[in-house]
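Biologist: Pick out one part of this model and take me through it slowly, side chains included. Give me the cut-offs as you go, please.

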Amino acid sequence: MHIMSYIDLQLKSDKVKNVVIGLNRLLANYHIYYQNLRNFHWNITGQNFFNLHEHFERLYDDAGERIDAIAERIATLRYKPESRVSKYLEMADVEEAFGSAGDREMVKKLLDDHRTLIGNMRQVIEEASEAGDEGTIDMMGGFLSTLEKNSWMLDAFLGDESHTGMTSSSLRREKTDA
Ligand SMILES: [Fe+2]
C-alpha cells in the first residue's frame, strides 16, 4: 500500500486508481491537442493569420501548463504519469490534425478537441467524487471553466464570419429549445 498520509487518510486508495486512469487519459488527450495547436500556429494562412497565429500560441502555452499540472497531480496521488508519446497516441481520443486546413476548419477541429477534453474532465470529476478526492475535483473544475470560455471564443469566431450574429444565435436557440 502507498504511503498517502501527506495527502489525506480519507482518500479511498482503491478508487484513486480510477481517478489516475482518467487523469492519464486526459494527459494523453492534452498532448495531442497541444500538438494540434502548434500545427495550426505554424500553418495558419490567410486574412486571419495575425489573430489566430497569436491566439493559437496563447492556447498552447496554456495547454502546456495544464499538462504539467495534470502530470504532477498524478504524481501527488503517488502514481506514475504516462510520459511516452507512443502511449499518448494509443490512449488518446483526440485525433492528430494533419494536412492543410483553412482557418475555420482549424477552429472547428479545436472545438471538437475541447469537447473531448471536457467530457474527459467530467469523467475524472465523477471518479474523483467516488474517491473523495477533493483536490482533483477542484483542479478539474478550474480547467473545465477555462476550456469552456476558450470554446465560447472559438465559437464566436465562427459565428461572426459566416453570418450575422443575430441569425446564427437565434437559429441555435430554437434548436436547443425544441
Ligand atoms: Fe511561434
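Modeller: Start with Arg-78, which sits in the loop between α2 and α3 (85-91); helices here are DSSP runs of H or I with at least four residues, strands are runs of E with at least two, and both are numbered from the N terminus. Keep in mind that this is a predicted model, where local features need pLDDT of at least 70 and side-chain atom pairs count only at pLDDT 80 or more, while totals for chains, interfaces and linings use all residues. Residues are numbered from 1 along each chain as its sequence is written, and side-chain values use heavy atoms, with hydrogens and water left out.

Most residues other than glycine have a negative phi. Arg-78, though not a glycine, has a positive phi near 70 degrees. Its relative accessible area is 38%, so Arg-78 is partly exposed; that label covers what falls between buried (under 20%) and exposed (over 50%), using a 1.4 Å probe and protein chains only.

Now the rings. Searching the whole structure turns up 4 aromatic pairs. Rings of Phe, Tyr and Trp (its six-membered ring) pair if their centres lie within 6.5 Å, and planes under 30 degrees apart are stacked, over 60 edge-to-face, the rest tilted. One of the pairs is Tyr-34 with Tyr-60, edge-to-face at 5.7 Å centre to centre and 70 degrees between the planes. This pair bridges distant parts of the chain, 26 residues apart: Tyr-34 belongs to α1 (residues 13-43) and Tyr-60 to α2 (residues 49-76). Both tyrosines, Tyr-34 and Tyr-60, are buried. Phe-49 and Phe-50 also pair, with centres 5.2 Å apart and planes at 85 degrees, so they too are edge-to-face. Phe-49 is partly exposed at 27% relative accessible area, and Phe-50 is exposed at 65%.

The test asks for NZ of Lys or CZ of Arg within 6 Å of the ring centre and within 35 degrees of the ring normal. Arg-66 does likewise with Phe-143, its charged end sitting 4.7 Å from the centre of that ring.

Last, α1 has another partner. Its axis and that of α4 (residues 103-131) come within 9 Å and cross at roughly 165 degrees, with axes fitted to C-alpha atoms over the stretch in contact and angles running from 0 to 180 degrees between N-to-C directions. So α1 and α4 are roughly antiparallel, the label for angles over 145 degrees.

Note on methods
Angles under 35 degrees count as roughly parallel, over 145 as roughly antiparallel, 65 to 115 as roughly perpendicular and the rest as oblique.
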